[in-house]
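Have a look at the screen, and I'll walk you through a few parts of it.

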Amino acid sequence: MNKPEKLAGGAWQPTPNNLENFWMPFTPNKSFKARPRLIARARDMHFYDVAGRAVLDATAGLWCSNAGHCRSRIVEAIQAQAAELDFAPNFQFGHPKVFELASRLTMLAPDNLNYAFFCNSGSEAADSALKIALAYHRSRGEASRTRMIGRERGYHGVGFGGISVGGMAANRKWYGPLLPGADHLSHTYNRAEQAYSVGEPDWGGHLADELERLVTLHDASTIAAVIVEPMAGSTGVLPPPKGYLKRLRELCTRHGILLIFDEVITAFGRLGHAFAAERYGVTPDILTFAKGITNGAIPMGGVLAGEHIYESLLSGGEHVIDLFHGYTYSGHPMAAAAALASLDTYREEGLFERVRKLEGRWAEAAMSLKGHPMIEDIRAIGLVAGIDLKGIAGKPGLRGYKAMEMGFHDFDIMLRITADTLALSPPLIVSEDQIDEIFSERMPKVLDAVEKLG
C-alpha cells in the first residue's frame with residue numbers, strides 16, 4: 001500500500017505505513033521504516049525521540065548545529081524576522097540584513113576574500129564556486145580554462161558540478177559521465193604512514209605535487225580551478241598532511257589556477273577558527289560555506305570570493321548584470337537573521353577559542369579507544385574524530401550501519417557513518433564531562449555490540 005491510512009479524527013502516528021511516502025535522502029529506506037529513528041525535538045547537546053528519550057548528539061546534527069540545538073537567540077531572531085519581512089528578492093532588490101551579513105563574514109574571512117554570494121546549501125555553494133571560477137577566466141580572455149581538478153574521496157555536495165569534482169564513487173556512479181573535463185588528485189590518506197594521527201599527519205605533504213603531473217598532462221591553460229576540502233569530512237575525516245595546503249596554494253599561483261576551499265564542514269569553529277584557511281595560514285581565491293552559518297536552523301550556503309574575482313566580472317555598464325547566476329532564496333531574510341544570530345552566539349560564547357582549548361582533551365579521549373578489536377584507525381583534529389571499524393567480510397558498511405543503528409536505539413548516542421567509518425563532530429558547546437561520556441561510556445558499548453556481529 002502506497003497511501004497512508006486515514007486515522008480517526010485526522011490523527012497522525014509514526015506507523016510504518018505512515019512513514020512510507022517520504023523518500024529519504026542517503027538512507028536505506030526500507031530498513032529505516034522497519035525500525036525508525038525519529039527525532040521529535042532538540043535542546044543544546046541532545047535530541048529527543050518521539051517518546052521523550054534523550055539521545056546525545058555526537059554529530060552536531062549533520063556537521064551543522066555548532067552552537068547546539070534550539071538556541072534562544074537564534075530562534076528569536078528567526079521569529080522576529082518572519083513577522084517583519086518574510087521574503088524579499090535579491091535579484092535587483094535587497095534587504096538590510098543580507099548586506100550586514102556579507103560585511104560580517106568578510107571581516108571574519110582571510111584578507112582579500114571581500115565579497116559574499118549567498119545560496120541555500122553546500123551543494124549549491126560548490127556549484128556556484130565552480131561557475132564563478134569559469135566566469136572569472138572567461139572575463140579575462142582565458143576561456144580555454146574550463147577543466148576542474150578535485151580530489152579522490154572529496155565531497156562537494158550533490159549537484160552535477162559537485163559530484164563531478166567529488167571523489168566518492170557511490171555518489172558518482174549512478175549518474176553517467178557527469179561534467180566533462182574534471183580530473184582528480186589522489187587522496188591524502190595512507191594508514192601505514194598516518195595511523196592514529198592527532199592533528200595534521202607528518203606524512204603526505206608531497207602529495208600536493210601531483211598537481212604538477214596534471215598540469216603537465218592537461219596544460220595549465222586548460223585548468224580553471226582546484227577544489228579541495230581543507231579537512232575531508234564526509235569521506236571519513238581525513239586531516240590535511242603538514243604543508244599540503246600551502247604547497248597547493250603555491251602551485252595554483254604559479255600556474256594561474258584558482259584555489260577553492262570547500263569549508264562547508266570546517267567553517268565556523270569546527271577546527272578552532274572561523275575558517276580552516278585561518279588555521280592553515282592559506283588564503284584560497286574562493287571559499288564555500290554552509291551548515292554552521294545558521295547553526296543548521298535554516299538552510300543557507302554561500303561563496304566568499306577574492307576581490308580580484310569580483311572586479312573581473314564587473315560589467316562596466318550600469319544596466320548590465322555582472323554575474324548571471326543566483327537562486328530565488330539567495331540571502332533569504334530569515335536565513336540572514338539566523339546567520340547573524342549564530343555569528344553573535346559564536347563570538348559572545350567564544351566557541352572557536354573553546355575548540356582550541358578542548359582539542360587536546362578531545363583527541364586524548366578519542367585515542368583511548370585504541371586497542372579495541374573492532375578499531376583499525378582513529379584520526380582526531382579540532383572537535384572531529386574519525387574511527388575506522390573492522391569490516392565484515394563480504395558486507396562492507398554493515399558494521400558501521402549497525403553501530404549507528406544500535407548507538408541510537410540502544411546506547412542513546414547519535415553517530416555519523418561513512419561505510420565502516422564513524423565520524424564524531426559534536427556541537428562546540430560539548431563539555432569535558434560529555435566528551436568523557438562519549439568515549440568512556442557510550443562508544444565502548446557500541447563497539448562491544450558491533451563486535452558480536454561476527
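So, which residue in strand 12 stands opposite Ile375? The one opposite Ile375 is Leu389.

Quick housekeeping before I go on. What you see is a predicted model, where local features need pLDDT of at least 70, side-chain atom pairs count only at pLDDT 80 or more, and totals for chains, interfaces and linings use all residues. Residues are numbered from 1 along each chain as its sequence is written, and side-chain values use heavy atoms, with hydrogens and water left out.

A word on names, too: helices (H or I, at least four residues) and strands (E, at least two) are DSSP runs, numbered from the N terminus. Two strands pair if DSSP finds at least two bridges between them.

Back to our pair. Strand 11 and strand 12 (residues 384–389) run antiparallel and are joined by six bridges. They belong to an open sheet of four strands, in the order 11-12-15-14, with antiparallel pairing. Strand 11 (375–381) and strand 14 (416–418) are at the edges with a single partner strand each, so one side of each has no neighbour in the sheet. From one strand to the next, the twist averages 20°. For angles, axes are lines fitted to C-alpha atoms, for helices over the stretch in contact, and values run from 0 to 180 degrees between N-to-C directions. Packed on this sheet is helix 14 (residues 351–367), which touches strand 11, strand 12 and strand 15 (421–424). The direction of helix 14 makes about 175° with that of strand 11. Contact here means heavy atoms within 4.5 Å.

Now, how do helix 4 and helix 13 pack? Helix 4 and helix 13 (residues 333–348) meet at an angle of about 35°, and their axes are 9 Å apart. Among the residues making the contact are Leu101 and Leu105 of helix 4 and Leu340 and Leu343 of helix 13. By class, that contact has nine nonpolar, no polar and five charged residues. Ala, Val, Leu, Ile, Met, Phe, Trp, Tyr, Cys and Pro count as nonpolar, Asp, Glu, Lys and Arg as charged, and the others, Gly among them, as polar.

Last stop: His46, found in strand 2 (residues 46–49). Leaving aside residues up to four places away in sequence, His46 touches Ala54, Val55, Leu56, Asp57, His69 and Gln434. How far apart are His46 and Gln13 in space? His46 and Gln13 are 23 Å apart, C-alpha to C-alpha, and 33 residues apart in sequence.
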